[in-house]
Amino acid sequence: LYVAAPLGAGARVELDAAQSNYLGNVMRLKEGDQLLLFDGMSGEWLAAIAEAGKKRMTLLVDEPTRPQEAVPDLWLAFAPVKKGRVDWLVEKAVELGVARLLPVVSQRTIVDKLNLDRMRAHIIEAAEQCGRTALADIDEAMKLDSFLKVRDPARTLYFADETGGEAASKAFKPGPALVLVGPEGGFTPGEAAAIRSAPNALPVSLGPRILRAETAALAAVAAWMAAVGD
Ligand code: SAM
């Protein structure tokens, strides 16, 4: 369970009504039962339910069970695609170990704003489900030209380019990386040229077929993790 409270041996954690209800009524946990907690920074801890009230639950943190994960240094810049699909994309990126999500708006992006609170809730749920102890960060949506201006060129930009590029399996090299995937309608030729001419930017191919944006994001992240993920 994710708690937004610093964890340490002997710490007492007050759960909010939603989490208390989930543990008490859905999971049917009661006083004395144990569970695993993480706060996104200090690894995973064993805790026990000290008080189980109707609306509030208090946990007593016991001992560390797993150290904080080493997060592979991969960021994913993606076009906010349609609601259900972007939720799926975010969830898969968290499961695959992505450190940071950067929504990028381009000319053909259909959805140009994201409900970050909803995205953060998906990130927490996905981390709880897959056992991550670090939460992926997610930025405010940014326009492509600003994104290209502010990015750090020391972080290799792998541009998922369906019009051609080196095979992803060969292109990925160890080191800080950022995968950029376009929207449903793709980047315009001008945008693609601007991306390709950015410093330390490499077009990578994910095969001969045209993948949906969320499929391409998942495929690129999985390929990077397999090739150079640590
Ligand atoms: N130009 C595409 C078309 O003709 O339908 C539209 C873009 S595609 C649906 C969405 C995004 O997924 C692309 O902008 C690209 O970033 C990525 N993508 C799709 N297939 C790819 C492939 N085979 N190799 C690399 N990237 C791909």
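1. Ligand shell. In this predicted model, the shell around the ligand holds 18 residues, and Ala160, Glu162, Leu206, Gly207 and Arg209 come nearest; a residue is near a molecule if one of its heavy atoms lies within 4 Å of it. The shell divides into nine nonpolar, five polar and four charged residues. In this classification, Ala, Val, Leu, Ile, Met, Phe, Trp, Tyr, Cys and Pro count as nonpolar, Asp, Glu, Lys and Arg as charged, and the others, Gly among them, as polar. Strand S12 (201-205) and helix H7 (213-228) each supply at least two residues of the shell.

2. Polar atoms at the ligand. An oxygen atom of the ligand lies 2.6 Å from a backbone N or O atom of Ala160. For Asp161, a polar backbone atom is 3.5 Å from a nitrogen atom of the ligand. A nitrogen atom of the ligand is also found 2.7 Å from a backbone N or O atom of Arg209. On its own the ligand has 570 Å² of accessible area, of which the protein covers 83%; such areas come from the Shrake-Rupley method with a 1.4 Å probe, and for residues only the protein chains shown count as cover.

3. Basis of the values. Residues are numbered from 1 along each chain as its sequence is written, and side-chain values use heavy atoms, with hydrogens and water left out. Local features need pLDDT of at least 70 and side-chain atom pairs count only at pLDDT 80 or more, whereas totals for chains, interfaces and linings use all residues.

4. Overall architecture. The protein has seven helices and 12 strands; these are DSSP runs numbered from the N terminus, helices being H or I of at least four residues and strands E of at least two. Along the principal axes, the C-alpha atoms fill a box of roughly 60 × 35 × 30 Å. Of the 230 residues, 47% count as buried, meaning under 20% relative accessible area, with exposed over 50% and partly exposed in between (1.4 Å probe, protein chains only).

5. Positive phi angles. Most residues other than glycine have a negative phi. Arg28, however, has a positive phi near 55 degrees. Arg28 is placed in the loop between helix H1 (17-26) and strand S2 (34-38), and counts as exposed because its relative accessibility is 64%. Asn200, likewise not a glycine, has a positive phi of about 55 degrees. The loop between helix H6 (189-196) and S12 contains Asn200, which at 35% relative accessibility counts as partly exposed.

6. Buried positions. Val104 belongs to strand S6 (residues 100-105) and is buried because its relative accessibility is 2%. Lys92, in helix H2 (residues 83-95), is also buried, with a relative accessible area of 17%. The Lys92 side chain makes a polar contact with the side chain of Glu91 at 3.0 Å. Such a contact is a pair of N or O atoms within 3.5 Å; within protein, one must be able to donate a hydrogen and the other to accept it, and residues adjacent in sequence count only if both atoms are side-chain atoms.

7. Pro174. The loop between helix H5 (168-171) and strand S11 (177-180) contains Pro174, which is exposed, with a relative accessible area of 70%. Pro174 and Gly229 are 55 residues apart in sequence, and their C-alpha atoms are 7.6 Å apart in space.
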